[in-house]
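Reader: I am new to this structure, and I would be glad of a slow, careful look at one part of it. Could you begin from a single residue and then follow the side-chain links that hold parts of the chain together?

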Amino acid sequence: MNTNSQLINGLNVDALKQFAGAVEQNSNDGIAKFHVTTKWNGGTKSATSIKKMKLGEQQLKRDFEILIDEPAELLGENLAANPQEYLLAALNACMIVGYVAAASLENIHLKSLRVETKGQLDLRGFLGLDENIKPGYEELQYTVVVSGDGTQEQWNRIHETVIRTSPNRWNIANAIQLNSEFVVE
């Protein structure tokens, strides 16, 4: 990929276009496979390790760890964000990537961009106290606040693009099939 092009919003737009063109020519190049492993660390603590992912035929080395805990009020030690906070952070971060890419493709220079998401859980569902209460969210509310040199028409187009193409937004907004395997050692 050409890495000498001008960066817009910290993104190499030529490289993005080249990647999209390569995926258009060979859809297998656009298949991203993720693999994470989470292990319990006692109490409400866990650690998720990310060691690899696959992009097309490329095996990419990754080396990250995500620590998770609950606040003391939920019997944790408050050492890290909890699973719900990571879920909302992953939603926001995925949409931010979409806004940056779409703005950059429109040659719009961002001044600021933030996504604020909130949701409410009724823990009676999680605790199994009332079968009529869902253990998850009824709804999430998010607000995107952006500034830059784009027109209102461009911003509206970018917003619609992100709504249509953000993987994590799509995954949360639509039912996806979850297949489980349960192993007792």
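Author: Leu123 belongs to helix H3, which covers residues 123-126; helices (H or I, at least four residues) and strands (E, at least two) are DSSP runs numbered from the N terminus. Leu123 has a relative accessible area of 35%, and so counts as partly exposed, a class that lies between buried (under 20%) and exposed (over 50%), with a 1.4 Å probe and protein chains only. This is a predicted model, in which local features need pLDDT of at least 70 and side-chain atom pairs count only at pLDDT 80 or more, while totals for chains, interfaces and linings use all residues. Residues are numbered from 1 along each chain as its sequence is written, and side-chain values use heavy atoms, with hydrogens and water left out.

For the links, a salt bridge is a side-chain nitrogen of Lys or Arg within 4 Å of a carboxyl oxygen of Asp or Glu, and by this rule there are seven salt bridges. In one of them Lys45 pairs with Glu77, with 2.9 Å between the closest N and O atoms. Because Lys45 sits in the loop between S3 and S4 while Glu77 sits in the loop between S5 and H2, the pair ties together parts that are 32 residues apart in sequence. Lys45 is itself buried, because its relative accessible area is 18%.

Ser46 is found in strand S4, which spans residues 46-55, and at 14% relative accessibility Ser46 is buried as well. Leaving out residues up to four places away in sequence, Ser46 touches (heavy atoms within 4.5 Å) Thr38, Lys39, Trp40, Asn41, Ile66, Leu67 and Ile68.

Another salt bridge joins the side chains of Lys51 and Asp63, at 3.0 Å from N to O. This pair links distant parts of the chain, since Lys51 lies in strand S4 and Asp63 in strand S5, 12 residues apart. Lys51 is partly exposed, at 47% relative accessible area, whereas Asp63, at 53%, counts as exposed.

The salt bridge between Arg157 and Glu153 has its closest N and O atoms 3.5 Å apart. Both of these residues lie in helix H4, four residues apart, which is about one turn of the helix. Arg157 is partly exposed, with a relative accessible area of 36%, and Glu153 is exposed, with 58%. Through salt bridges that share partners, Glu106, Glu153 and Arg157 are joined into one network.
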